[in-house]
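Here are my notes on this model, as numbered points. Please read them with the structure open.

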Protein chains: 2
Amino acid sequence: MVITLQLDSDVPLYEQLRNQIVVGIATGVLEPREKLPTVRQLAEDLGVNTMTVNKAYALLKQEGYIVIDRRHGAKVNAPSENDSLQELSPKLAQELELIIAQAAIQGIDPSRFQSLCAPIFAKMTYRYT
Amino acid sequence: MVITLQLDSDVPLYEQLRNQIVVGIATGVLEPREKLPTVRQLAEDLGVNTMTVNKAYALLKQEGYIVIDRRHGAKVNAPSENDSLQELSPKLAQELELIIAQAAIQGIDPSRFQSLCAPIFAKMTYRYT
DNA sequence: CATTTGTATTACAATACATAATACAAACAA
DNA sequence: TTGTTTGTATTATGTATTGTAATACAAATG
């Protein structure tokens, strides 16, 4: 998986890394039960510190996106149907509200917004088994 | 307009303030050409420093959401039809992709996502003249 | 001219970010 | 067992961001 970090961004490196892995999981670039690189390996590849990668992994683990074995390293979490919560978390809902507000001010109406979301959704191949 | 700041949030105060004003404009709580409080007044009301409010105003001005006269203070920018760009900025598009990715992993499909967006859009009364 | 507006400057404290160098605990292989 | 690899914890250091504080400045208005 290709990961590109912007050093001059206002988004912290560990957060950029976390975000790209989440998108990778959703788009299927990273498959369930797929093994992620070790923190040391990924840190070396990206040219960042070990603890920066570790911080991203710890975040993903806390959010349930990956599972971690001491020896086997980090793996993408396999989805289960029962945790299919059809609601957005308050944080996500607030972020979505802010995006829609900005879109509305730009004159984008609901149907236009939907047509902007459609191709994004089309990329998300993540499916429940 | 009611503004509530969370001091223990990871989002900076000036960014929380900026976000709530944007939502206020989109929802019509703040109307076009409406005068915003002065930086000193709003800072006092919120219990924060003058420069924190100023930072939010400067950001909103740079983004085109408000206009600022030296004497008259800050006002909500009136919309014009010609700047109705039907595309999202790269930054917004990336944020939207991240939200959709997380929604997809939670098992939310496009139609469900649309039904989550609908009530949010319904609150946005911002219209072009 | 005097007042009010946003803005700039400087200093300071607290926190967050990222790196660096180690070291530790758990899990597995030989 | 012994050794290796894994994520993790610790400590230290430097830098950047955030927020406050006090003050001053420039522009617009009455």
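1. Start with the annotation. UniProt, in an unreviewed entry, places the feature "domain: HTH gntR-type" at residues 11-79 of chain A. The coordinates discussed here are a predicted model.

2. Next, the chain as a whole. Chain A holds 5 helices and 2 strands. Their order from the N terminus is α-α-α-β-β-α-α. The C-alpha trace of chain A extends about 50 × 40 × 25 Å along its principal axes.

3. Now the strands of chain B. Strand S1 (residues 66-69) of chain B and strand S2 (residues 73-76) of chain B run antiparallel. They are joined by 4 bridges. One pairing to check on screen is Ile66(B), whose bridge partner in S2(B) is Val76(B). S1(B) and S2(B) form a hairpin, with 3 residues between the two strands.

4. Then the contact between chains. How do helix H4 (residues 90-105) of chain A and helix H1 (residues 13-27) of chain B cross, and at roughly what angle? Their axes come within 9 Å and cross at roughly 50 degrees. Angles under 35 degrees would count as roughly parallel, and 65 to 115 as roughly perpendicular. H4(A) and H1(B) are therefore oblique to each other. The crossing of H4(A) and H1(B) is left-handed.

5. Which residues meet where H4(A) and H1(B) are in contact? From H4(A) come Glu97(A), Leu98(A), Ala101(A), Gln102(A) and Ile105(A). On the H1(B) side they meet Arg18(B), Asn19(B), Val22(B), Val23(B), Ile25(B) and Ala26(B). Sorted by class, the contact of H4(A) with H1(B) has 7 nonpolar, 2 polar and 2 charged residues.

6. One could show the antiparallel pair S1(B) and S2(B). The other could show H4(A) crossing H1(B) at roughly 50 degrees, with residues such as Leu98(A) and Val22(B) labelled.

Technical notes. Residues are numbered from 1 along each chain as its sequence is written. Chains are lettered from A and ligands numbered from 1 in the order in which they are written. This is a predicted model: local features need pLDDT of at least 70, side-chain atom pairs count only at pLDDT 80 or more; totals for chains, interfaces and linings use all residues. Side-chain values use heavy atoms; hydrogens and water are left out. Axes are lines fitted to C-alpha atoms, for helices over the stretch in contact, and angles run from 0 to 180 degrees between N-to-C directions. Angles under 35 degrees count as roughly parallel, over 145 as roughly antiparallel, 65 to 115 as roughly perpendicular and the rest as oblique. A crossing is left-handed if the near helix is turned anticlockwise from the far one by less than a right angle, and right-handed if clockwise. Contact means heavy atoms within 4.5 Å. Ala, Val, Leu, Ile, Met, Phe, Trp, Tyr, Cys and Pro count as nonpolar, Asp, Glu, Lys and Arg as charged, and the others, Gly among them, as polar. UniProt positions are given in the numbering used here, feature names are shortened, and annotations may be inferred rather than shown by experiment. Two strands pair if DSSP finds at least two bridges between them.
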